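Have a look at the model first, then work through the tasks with the solutions below.

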Amino acid sequence: MNYWLLKSEPDVFGIDHLQRFNETIWDGVRNYQARNFLQTARVGDLAFFYHSNVEPIGIAGLCKIVEANIADPSQFDPRSTYYDPKSNLAAPRWWTVKVQFVEKFANVISLETLRQQFQPDDLIIIRKGNRLSVTPVSEATALRLLEMA
DNA sequence: GCCAACGTTGGC
DNA sequence: GCCAACGTTGGC
């Protein structure tokens with residue numbers, strides 16, 4: 001099993017939304033490196049839910065992948081902000097997963113705490129200038145994060 | 001294939 | 001609101 005970190009702005013979609021909806025298709029990823037990570041995610045993998053651009057910044061909860069290799073439906077929807085006219089049904093360009101709510105942490109693991117506890121090599125999210133919205137997390141790091149939650 | 005220009009992200 | 005960092009675009 002693998003571990004991931006999914007980044008989102010809670011003003012748009014946060015852990016509270018996921019708790020309310022229980023499941024969601026993680027749509028709108030339009031970065032090839034992030035997409036490639038998503039394509040390797042498998043059912044049963046766990047993903048940390050990171051809140052960006054908000055106070056407090058940090059890991060707010062946990063979810064799990066319940067469906068893998070979904071062609072992101074928003075790429076085909078002209079009304080969607082994620083619409084991609086260069087994609088098509090026969091050869092979808094953007095792939096994603098469906099995630100299910102697992103847990104909202106009692107306290108957000110803050111970015112400051114993450115920086116104190118981990119090295120940039122261990123946790124991509126704390127690397128300077130990182131903008132990837134989907135990143136892998138090693139098992140060792142994941143287990144430590146789960147203990148901190 | 002290079003790279004300047006541009007738009008976006010996201011912490012501060 | 002600022003701005004550094006980054007990815008993408010498009011002219012050449």
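**Exercise 1.** Find the salt bridge between Asp-77 and Arg-79, and sort both residues by accessibility.

*Solution.* Step one: the side chains of Asp-77 and Arg-79 meet at 3.3 Å, N to O. A salt bridge here is a side-chain nitrogen of Lys or Arg within 4 Å of a carboxyl oxygen of Asp or Glu. Step two: Asp-77 has 24% relative accessibility and counts as partly exposed, while Arg-79, at 77%, counts as exposed. (Buried means under 20% relative accessible area, exposed over 50%, partly exposed in between, with a 1.4 Å probe and protein chains only.) Step three: turn to Glu-23, Glu-67 and Lys-98, which salt bridges with shared partners join into one network.

Before going on, a word on the source: this is a predicted model, in which local features need pLDDT of at least 70 and side-chain atom pairs count only at pLDDT 80 or more, while totals for chains, interfaces and linings use all residues. Residues are numbered from 1 along each chain as its sequence is written, chains are lettered from A and ligands numbered from 1 in the order in which they are written, and side-chain values use heavy atoms, leaving out hydrogens and water.

**Exercise 2.** How many salt bridges does the structure hold, and which parts does the pair Lys-104 and Asp-16 tie together?

*Solution.* Start with the count: there are six salt bridges. In one of them, Lys-104 meets Asp-16 at 2.9 Å, N to O. Lys-104 belongs to strand β5 (residues 95-110) and Asp-16 to helix α1 (residues 15-21), so this pair links parts 88 residues apart in sequence.

**Exercise 3.** Is Asp-72 buried or exposed?

*Solution.* With 1% relative accessibility, Asp-72 is buried. Its salt-bridge partner is Arg-30, at 3.0 Å, N to O. Arg-30 is partly exposed, at 27%.

**Exercise 4.** Which residues lie around DNA strand C?

*Solution.* List those with a heavy atom within 4 Å of the strand: Asn-31, Tyr-32, Lys-128, Gly-129 and Arg-131. Next, look at the DNA side: of the atoms of DNA strand C within 4 Å of the protein, 67% belong to sugar or phosphate and the rest to bases.

Definitions and conventions. Helices (H or I, at least four residues) and strands (E, at least two) are DSSP runs, numbered from the N terminus.
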